[in-house]
2 protein chains.
Amino acid sequence: MFESAEIGHAIDKDTFEAEVPALREALLEAQFELQQQKRFPVIVLINGIEGAGKGETVKLLNEWMDPRLIEVRTFDQQSDEELAHPPAWRYWRMLPAKGRMGVFFGNWYSQMLQGRVHGLFKDAVLDQAIAGAERLEKMLCDEGALIFKFWFHLSKKQMKARLKALQDDPLHSWRISPLDWQQSQTYDTFVHFGERVLRRTSRDYAPWHVIEGVDPHYRSLTVGKILLEGLQAALKKSRSQSSPGHVAPLPSAVDQMSLLDSLDMSLALDKADYEEQLITEQARLSGLMRDKRMRKHALVAVFEGNDAAGKGGAIRRLAAALDPRQYSIVPIAAPTEDERAQPYLWRFWRQIPARGKFTVFDRSWYGRVLVERVEGFCSTDDWMRAYGEINDFEEQLSDAGVIVVKFWLAIDKQTQLERFQQREDIPFKRFKITEDDWRNREKWDLYRTAVGDMVDRTSTEISPWTLVEANDKRWARVKVLRTINQAIEEAFAKRDKHEKKDRKNRKSK
Amino acid sequence: MFESAEIGHAIDKDTFEAEVPALREALLEAQFELQQQKRFPVIVLINGIEGAGKGETVKLLNEWMDPRLIEVRTFDQQSDEELAHPPAWRYWRMLPAKGRMGVFFGNWYSQMLQGRVHGLFKDAVLDQAIAGAERLEKMLCDEGALIFKFWFHLSKKQMKARLKALQDDPLHSWRISPLDWQQSQTYDTFVHFGERVLRRTSRDYAPWHVIEGVDPHYRSLTVGKILLEGLQAALKKSRSQSSPGHVAPLPSAVDQMSLLDSLDMSLALDKADYEEQLITEQARLSGLMRDKRMRKHALVAVFEGNDAAGKGGAIRRLAAALDPRQYSIVPIAAPTEDERAQPYLWRFWRQIPARGKFTVFDRSWYGRVLVERVEGFCSTDDWMRAYGEINDFEEQLSDAGVIVVKFWLAIDKQTQLERFQQREDIPFKRFKITEDDWRNREKWDLYRTAVGDMVDRTSTEISPWTLVEANDKRWARVKVLRTINQAIEEAFAKRDKHEKKDRKNRKSK
């Protein structure tokens with residue numbers, strides 16, 4: 001993989017200086033069009049051997065291009081806020097908006113390589129990280145991002161020669177960093193695992209470019225040209241393209257039976273039972289949220305459902321059990337301008353709770369496979385791939401200790417009609433009913449199909465859907481609370497079991 | 001100040017239950033209109049004695065109102081990201097958007113009170129904090145925010161009785177927090193300084209409401225009614241109001257002389273001098289940014305100037321001296337939707353560098369007193385009060401160790417014309433010239449006046465304006481770099497002097 005980056009590529013100064021002006025001009029023009037189009041972001045990942053010219057090349061790019069449109073990001077030590085969130089949160093918060101370019105130093109690849117080289121984990125964990133990176137990049141590219149991945153390379157001999165030259169020169173010996181020394185020790189291991197990572201993550205939509213780093217002219221010109229060609233191709237494509245590919249729609253069940261039909265909509269609670277059970281579950285939730293094990297978890301509850309199914313009321317009963325300092329409720333409406341300039345899931349990543357906290361989403365990332373699908377706000381491709389992206393997103397949350405609970409509050413068509421009419425009659429509820437609600441009602445069957453597909457494709461072991469029979473509000477509210485309590489208790493039990501096993505393992509050693 | 005909150009206010013259960021439904025309905029309606037109007041945010045500050053029902057009241061408000069439109073924020077321990085920024089940054093990042101309500105626990109008042117009560121500082125520093133809070137609130141109110149400040153009170157006797165009751169009750173004794181015990185020790189001091197804070201910060205636009213906390217019915221109903229009345233009044237005002245008050249415009253100099261006329265626009269550097277001086281200043285900047293004293297500072301450079309004055313070129317020469325991981329360049333254009341939903345300075349607070357970092361603003365917060373003033377994008381009141389807000393903003397940065405350097409790049413009208421024409425001729429510079437540029441040119445004199453006023457009102461000792469004669473680009477670029485270097489060196493020298501003095505003081509003790 002690295003062979004052709006160890007053969008001593010070089011370009012003489014004259015050729016370099018003759019080529020740079022035209023390259024620069026073209027890069028500037030491409031950058032300008034990128035900004036004008038505002039249709040996709042550019043993400044440049046910088047990795048490779050210490051001393052192979054990573055920093056210098058990025059510096060030069062900043063000089064050649066308009067640095068006002070480039071954001072250079074370093075990810076070294078995690079801040080305490082980053083540590084309290086799932087690992088990918090730090091990357092999501094730094095993504096460049098459409099029309100801009102982000103250069104990521106110390107990105108996900110450096111993190112996994114450092115960890116493996118220094119023995120923090122074994123191959124299995126490395127491969128998990130690799131798969132995670134692949135999914136992230138695939139998603140970014142599907143959202144339109146243009147990704148460049150550069151590996152700056154030096155052979156072992158070249159690296160040693162460089163260190164020796166620096167060391168012998170009293171004026172420059174200070175430029176040898178501790179990382180350089182460290183890497184000269186671990187060169188072979190680093191390259192070994194680097195090869196594994198590059199091999200597995202070089203994909204048509206985001207290939208690696210291995211750059212021999214010895215000669216500054218060669219490496220700068222090469223990187224500049226790769227960027228330019230990639231940019232020009234992407235700009236041309238986005239100029240001509242209105243909407244991407246085509247995907248066959250999902251088949252509907254031949255017998256027209258749907259999961260929602262199987263719910264027993266007559267389930268109900270009488271007032272006395274309701275009050276008793278509600279208070280019991282609220283007290284239970286309140287206790288669980290104060291349990292010290294909660295400090296290692298976070299809680300996310302997603303509420304979706306038919307209009308007038310009682311999401312707001314269920315959320316209020318939930319909130320009533322808790323200290324307002326512990327939770328936040330995020331109502332999801334149409335995305336803002338800043339949100340539209342980012343990949344779809346960005347606005348939800350923004351709201352993911354830190355450890356110990358609880359976020360309630362009143363509507364959620366499932367909007368893409370519900371309202372956006374039904375109303376045609378996104379292409380079929382977009383909502384089709386959303387299922388996978390969402391499963392991946394929720395898996396990341398779960399891996400980081402976030403407990404994810406998802407509710408579909410279901411009512412039947414007749415109940416909805418009655419509630420709509422009631423709302424129009426009560427003065428302070430009138431604002432809860434709009435023209436949109438009546439329009440959505442006409443698409444009842446389309447929504448029914450979308451809900452069925454959603455549950456089929458995103459109800460997973462780590463984050464199952466709970467369908468809530470909501471014709472009776474009391475029944476629904478208690479079921480919601482009870483489900484959340486069970487999910488927290490299961491997470492605690494799982495953790496207890498793990499810790500017990502850990503203690504046992506340590507003892508037996 | 002607290003007398004009438006120690007007289008045992010109480011409301012019986014029946015009265016309470018009779019009043020609540022109508023209050024709730026009205027609150028919900030007000031909240032809904034708030035969200036529909038999206039014209040101002042509501043900020044609720046919660047302070048007072050531990051155990052006086054702060055948490056319980058906020059919880060109740062969340063039940064009465066729609067919790068989806070309320071954000072409850074706590075500010076206790078600062079995160080490391082917050083510690084690396086000026087103190088107010090943590091509040092700015094949590095401000096509710098227009099149409100929403102933010103409840104701030106542990107806000108700026110709690111911080112200053114805790115500090116004073118525990119002897120971290122004396123009255124002088126407390127009074128500084130008080131003045132800072134006043135300026136912040138004034139600015140928020142001027143931007144339209146509706147602020148409620150609640151002080152929940154208990155007399156010493158009431159507090160002791162409450163602790164005793166809890167302690168005697170085995171089921172509830174766990175509810176006594178360490179804070180409660182602490183405060184029963186420091187009650188007198190706390191109330192003493194609380195009085196000072198309330199006295200000085202109760203203003204017509206943001207008055208304090210002292211609530212006796214003993215009786216839950218009384219305190220909830222009182223808070224609810226205050227909120228409702230305030231909300232209704234503000235909503236009514238904003239319904240009827242198109243634009244606020246009137247301010248007399250600034251007088252222009254009777255002799256028409258302007259500061260800009262006093263610049264020697266013939267200043268220039270020949271190529272050889274330029275190259276030598278540029279390299280010298282770049283090396284100096286590079287060294288200063290690597291100086292370990294820089295870890296205690298941050299650097300902000302603001303670039304304003306006539307169109308085609310060479311801001312971009314000067315910024316590129318600056319960037320060329322630095323490692324791209326150290327700086328970011330923020331181009332300021334029209335605000336986005338999310339930014340428009342916040343006070344004017346919010347989008348700049350977002351971009352303030354953490355310690356050790358450098359942010360270059362290509363155009364800046366001065367837009368309000370330049371383009372927004374000249375083009376009428378804001379009211380006269382808005383840009384008139386911006387001078388004060390900006391001075392306050394920059395003082396906060398400076399107090400936190402941020403070095404602020406501001407440049408106005410000035411060219412004369414003839415030079416601008418030549419550059420415009422030149423840009424239209426060079427293919428890859430053509431994108432730099434637009435219709436807007438020609439239109440702005442017609443307003444040359446209006447801009448000249450605005451710049452004069454801006455410099456007169458915002459060139460301060462802690463953050464002076466540097467007017468740069470930019471007819472000669474070389475001269476301008478070197479002057480920019482040199483000015484930044486001097487500013488950093490002065491900041492370092494000041495710090496060294498302080499530290500020397502500190503060491504001396506410690507020794508002599």
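Contact here means heavy atoms within 4.5 Å. Leaving aside its neighbours within four places in sequence, Ala341(A) is in contact with Ala97(A) and Lys98(A).

This is a predicted model, in which local features need pLDDT of at least 70, side-chain atom pairs count only at pLDDT 80 or more, and totals for chains, interfaces and linings use all residues. Residues are numbered from 1 along each chain as its sequence is written, chains are lettered from A in the order in which they are written, and side-chain values use heavy atoms, with hydrogens and water left out.

**Around Ala341(A)**

Ala341(A) sits in the loop between helix H12 (337–340) and helix H13 (346–349) of chain A. Helices (H or I, at least four residues) and strands (E, at least two) are DSSP runs, numbered from the N terminus. Ala341(A) and Gly99(A) are 242 residues apart in sequence, yet 8.4 Å apart in space, C-alpha to C-alpha.

**Cavities and a pocket**

On a 1 Å grid over the protein atoms alone, a cavity is a set of points where a 1.4 Å probe fits but cannot get out; a pocket is an open set with protein on both sides within 12 Å along at least five of seven lines; lining residues have an atom within 4 Å of a point. Grid points are joined across faces, edges and corners, and a volume is the space filled by probe spheres set on the points.

The structure holds five cavities of 30 Å³ or more. Two linings are set out below. Ala, Val, Leu, Ile, Met, Phe, Trp, Tyr, Cys and Pro count as nonpolar, Asp, Glu, Lys and Arg as charged, and the others, Gly among them, as polar.

| Space | Volume | Lining residues by kind |
|---|---|---|
| Largest cavity | about 60 Å³ | eight nonpolar, one polar, two charged |
| Second largest pocket | about 830 Å³ | nine nonpolar, seven polar, seven charged |

Of the 23 residues that line the second largest pocket, the closest to its centre are Ser398(A), Ile403(A), Ile462(A), Ala491(A) and Lys494(A). Which element gives the most to the lining of this pocket? H19(A) does, with ten residues.

**Where the chains meet**

The contact takes 44 residues from chain B and 44 residues from chain A. The two chains bury about 4200 Å² between them, 58% of it on carbon and sulfur atoms. Buried area is the accessible area (1.4 Å probe) that two parts lose on being put together, summed over both.

A salt bridge is a side-chain nitrogen of Lys or Arg within 4 Å of a carboxyl oxygen of Asp or Glu. Between chain B and chain A there are six salt bridges. One joins Asp338(B) to Arg350(A) (3.8 Å, N to O). The side of chain B that touches chain A has 17 nonpolar, six polar and 21 charged residues.

**Salt bridges overall**

Over all chains, the structure holds 90 salt bridges. Side chains of opposite charge can pair when their charged atoms come close. Glu17(A) and Lys13(A) form one such bridge (3.8 Å, N to O). These two are four residues apart in helix H1 (residues 13–37) of chain A, so about one helical turn separates them.
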